[in-house]
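Dear colleague,

Please find below the structure for your work. My notes on it follow directly after.

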Amino acid sequence: MGERSEKSILIAGAGPTGLTLALELARRGVLSRLIAKASSPTPTHESRALGVNARTLTLLEASGVSAMILAKARRLTKFKILAAGKPLVTIETETFRSRYCPIQILPQGETERLLLQKLSSFGIAPEWSTELTALSGDGKKPVVTLQHADGRTETVAPDMLVGADGAHSAVRKAFGFAFPGNAIDSRFFLADYRYAQPVDTSFIEMNFLNPGVLGRLPVSEDTMRYLSTVEDFETRIDHPAMVQERTWSSEFSISFRHVETMNRGNVFLAGDAAHVHSPAGARGMNLGIEDACWLAFLISESREREYSDLRMPAVKTVLKDTRRNTAFITLKNPALTGLRSLLLPLVNHMPGLTTAFLHNAAGQDTPPPPWIPGAQ
Ligand SMILES: Cc1cc2nc3c(=O)[nH]c(=O)nc-3n(C[C@H](O)[C@H](O)[C@H](O)COP(=O)(O)OP(=O)(O)OC[C@H]3O[C@@H](n4cnc5c(N)ncnc54)[C@H](O)[C@@H]3O)c2cc1C
């Protein structure tokens, strides 16, 4: 262990990334200040992320959060791929050799609440409704203005500033970090339905409609999420039980972007502030949690200058994977969608391919954390 940091650390953003960073620092004896523009954690019924991967569970084991997640989460035992309702591929997660199932399901709002609960045992709570509105100084000595809910403003000059403030990061923009990349032309639509009785939550299903796709994944014991590239997708849903209510709906466009460096002087970026991509593969929240764990480890070792060099390869790997997965599921050309339906059943007989798929789903395709002996 290197010297513990005595520096003042301001974390902007209390999503999964900011909360994990504050927690991982606290358990190593490093205090930080955590602020968030939002007035509360993500409302559970508006959770974007549902999938918590095996890498995240490895990373959050030391803080005790993994055990809390496992007590509430649902194991996914199958990934099913269909075309026009006809089964093409079924991948069983039980075949994957790892301490944890590749992906467990827990809504983001619940994961955030577990992180908050653990954080409170160190006497740390985010300052909600506190927005970082302006920055001055430079990367060496950042100076920030905070706007509190009661209208009061405050100027702070932390030794380290971490932007964990999401895709529209004020920290990233103010310090001039470039965010190159592109948007794709497909829009995604989402609807969560709660049923009158418990439903089978052990699998994810992806049904190619050719053109378009309809995904179905569990949210909780009686709620399913439907995701599609087709606007009228709700007319195509084969509900597994009597609908009680539609609990959430949303639509979003997809961009693939990442910064070229994740730290400049004493300003650091983590999570969506540093990289955005499609939800195909359930990687965004998991990658942000991984950034936060690495940054906390490096700060505690006084090696934070190495952060960008160590994290950028992981970011590039995940963006490449999610780009490829997204291109595959959003294919429009009829010749290519036909070929896809023809070739996919072969995957059932290619264990190497299913292992590679599960390895990615588990988040184990990025460098393992060196501070956890034997981590996958
Ligand atoms: C439909 C969908 C499904 C997804 N599914 C998955 C999945 O299954 N698994 C997965 O890993 N990922 C998934 N993701 C991605 C995941 O939701 C994000 O990657 C994750 O929320 C990023 O966390 P974050 O903490 O970096 O940012 P955010 O969750 O966006 O949090 C940002 C924080 O910063 C605060 N903030 C913003 N601006 C300021 C400011 N100026 N001052 C102070 N605070 C500020 C906000 O209040 C908030 O607290 C999905 C995304 C979508 C859209």
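Is Ala84 exposed or buried? With a relative accessible area of 69%, Ala84 is exposed, because exposed means over 50%. Please note that this is a predicted model.

**Ligand site**

The ligand is surrounded by 30 residues, and the closest of these are Thr17, Gly51, Asp272, Met285 and Asn286. At Lys37, a backbone N or O atom lies 3.0 Å from a nitrogen atom of the ligand. At Ala38, a polar backbone atom is 2.9 Å from an oxygen atom of the ligand. At Leu50, a polar backbone atom is 3.1 Å from an oxygen atom of the ligand. On its own, the ligand has 1,000 Å² of accessible area, of which the protein covers 87%. Helix H1 (16–26), strand E8 (131–137) and helix H6 (284–300) are the elements that give two or more residues to the shell around the ligand. Of the elements, H6 gives the most, with three residues. Sorted by class, the shell consists of 14 nonpolar, 10 polar and six charged residues.

In soluble globular proteins, nonpolar side chains tend to be buried together. In this model the largest nonpolar core has 97 residues, and Ile11 and Ile69 are those with the most contacts inside it. H6 supplies the largest share of this core, 10 residues. Another core, of 13 residues, lies apart from the largest one, and Phe189, Ala191, Tyr195 and Phe233 are among its members.

**Individual residues in strands**

Gln104 lies in strand E7 (residues 103–105). Gln104 counts as buried because its relative accessibility is 3%. Leaving aside neighbours within four places in sequence, Gln104 is in contact with Leu50, Gly51, Val52, Leu57, Leu70, Ala73, Arg74 and Arg75.

Thr153 belongs to strand E10 (residues 153–156). Beyond neighbours within four places in sequence, Thr153 is in contact with Thr145, Leu146 and Gln147. Thr153 and Thr130 are 23 residues apart along the chain, and their C-alpha atoms are separated by 9.3 Å.

**Backbone geometry**

The peptide bond from Asn210 to Pro211 is cis, with omega near 10 degrees. Pro211 is found in the loop between strand E13 (203–208) and strand E14 (213–220).

Ala84, with which these notes began, lies in the loop between strand E5 (78–83) and strand E6 (86–92). Phi of Ala84 is near 50 degrees, a positive value in a residue other than glycine. Ala282 likewise has a positive phi, near 55 degrees. The loop that holds Ala282 runs between strand E19 (275–276) and H6. With a relative accessible area of 28%, Ala282 is partly exposed.

With kind regards

Terms used
Residues are numbered from 1 along each chain as its sequence is written. This is a predicted model: local features need pLDDT of at least 70, side-chain atom pairs count only at pLDDT 80 or more; totals for chains, interfaces and linings use all residues. Side-chain values use heavy atoms; hydrogens and water are left out. A residue is near a molecule or strand if one of its heavy atoms lies within 4 Å of it. A polar contact is a pair of N or O atoms within 3.5 Å; within protein, one must be able to donate a hydrogen and the other to accept it, and residues adjacent in sequence count only if both atoms are side-chain atoms. Accessible areas come from the Shrake-Rupley method with a 1.4 Å probe; for residues, only the protein chains shown count as cover. Helices (H or I, at least four residues) and strands (E, at least two) are DSSP runs, numbered from the N terminus. Ala, Val, Leu, Ile, Met, Phe, Trp, Tyr, Cys and Pro count as nonpolar, Asp, Glu, Lys and Arg as charged, and the others, Gly among them, as polar. A nonpolar core is a set of buried Ala, Val, Leu, Ile, Met, Phe, Trp, Tyr and Cys residues joined through side-chain atoms within 4.5 Å. Buried means under 20% relative accessible area, exposed over 50%, partly exposed in between (1.4 Å probe, protein chains only). Contact means heavy atoms within 4.5 Å.
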